[in-house]
Amino acid sequence: MGLWSTKKPKVNDPILKDGRKDDIVIPIMGIIGVGKSSFINTAIGRDVTPVGHDLKSCTAQIVHAIVPYPLDPNRRVVLVDTPGFDDTDADDSEILRRVAEWLAHSHSDGMKLAGIIYLHEISQTRMLKSARKNLLMFKKLCGDDACKNIILATTKWGEVEEAAGVSREGQLKNTFWKEMIGHGSRMCQFRDNHESAWRIVEMIAVAEPLEALRIQKELVDHHKSLTETEAGISISKKPRPDQKMRWSNTLKSIFGGGRNSQ
């Protein structure tokens, strides 16, 4: 079991083993079904991660899709396909545990994220309660300082009338995403083609990389348990007393395998 009770047993997600200091690492995040895998496949130009067409997540494990950076072929763009929140088969607490563990390993290994692409389905007629909850968790996970390296991208424009999509985009800008935009996040549209996907990637690639997300600092630098982090608090109802010890053991295994321990 993970740090919180879950519907499925713990999944061990792969960590990027051959990471380079100049890698442009960009996790793709969002709720289930928003189009994370489709975005990555479109950006890469081939199918590297499975795409789901129902309410079940196809991203069983965190996937690293690697492609040379066109402006500098000696560098690599690493797009990270993360499991979606609001999954029918896994609690959000378990998804957060998996994402947090990957981020903690990456931070302890010295990997810096270039930024994060957060996807939102523009065809949704309203901001569902689950989507609002997960947006809050995402903001807590990242922290205000990371907002300048976050692209808020809308997907599935082909499933909505243009005028309706533009109207919803305005609502996102002026309401739900207003705070993040105020801290430097930018909006963009993914139009289901390679050019628009790469335009979004390029917006992050040319920026200075992040020092760390809030949750990376909380877990690795401040040695907090997952339920003591801002993101964990935002979705936790009643933490169990043994959670801090379990996360402490996880951190020990991270430091034991990281480059900083050598």
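Beyond its neighbours within four places in sequence, Asp23 is in contact (heavy atoms within 4.5 Å) with Leu16, Arg76 and Val78. This is a predicted model, in which local features need pLDDT of at least 70 and side-chain atom pairs count only at pLDDT 80 or more, while totals for chains, interfaces and linings use all residues. Residues are numbered from 1 along each chain as its sequence is written, and side-chain values use heavy atoms, with hydrogens and water left out.

Let's stay with Asp23 for a moment. Asp23 sits in the segment before β1 (24–29), a strand being a DSSP run of E with at least two residues, and a helix one of H or I with at least four, numbered from the N terminus. From Asp23 to Arg75 the C-alpha distance is 6.0 Å, although 52 residues separate the two in sequence.

Buried means under 20% relative accessible area, exposed over 50%, and partly exposed in between (1.4 Å probe, protein chains only).

| Residue | Relative accessible area | Class |
|---|---|---|
| Asp23 | 7% | buried |
| Lys129 | 67% | exposed |

For the chain as a whole, here are some totals to keep at hand. The secondary structure comprises 9 helices and 6 strands. Of the 262 residues, 51% are buried. Among contacts between residues at least 6 apart in sequence, 75% link residues at least 24 apart.
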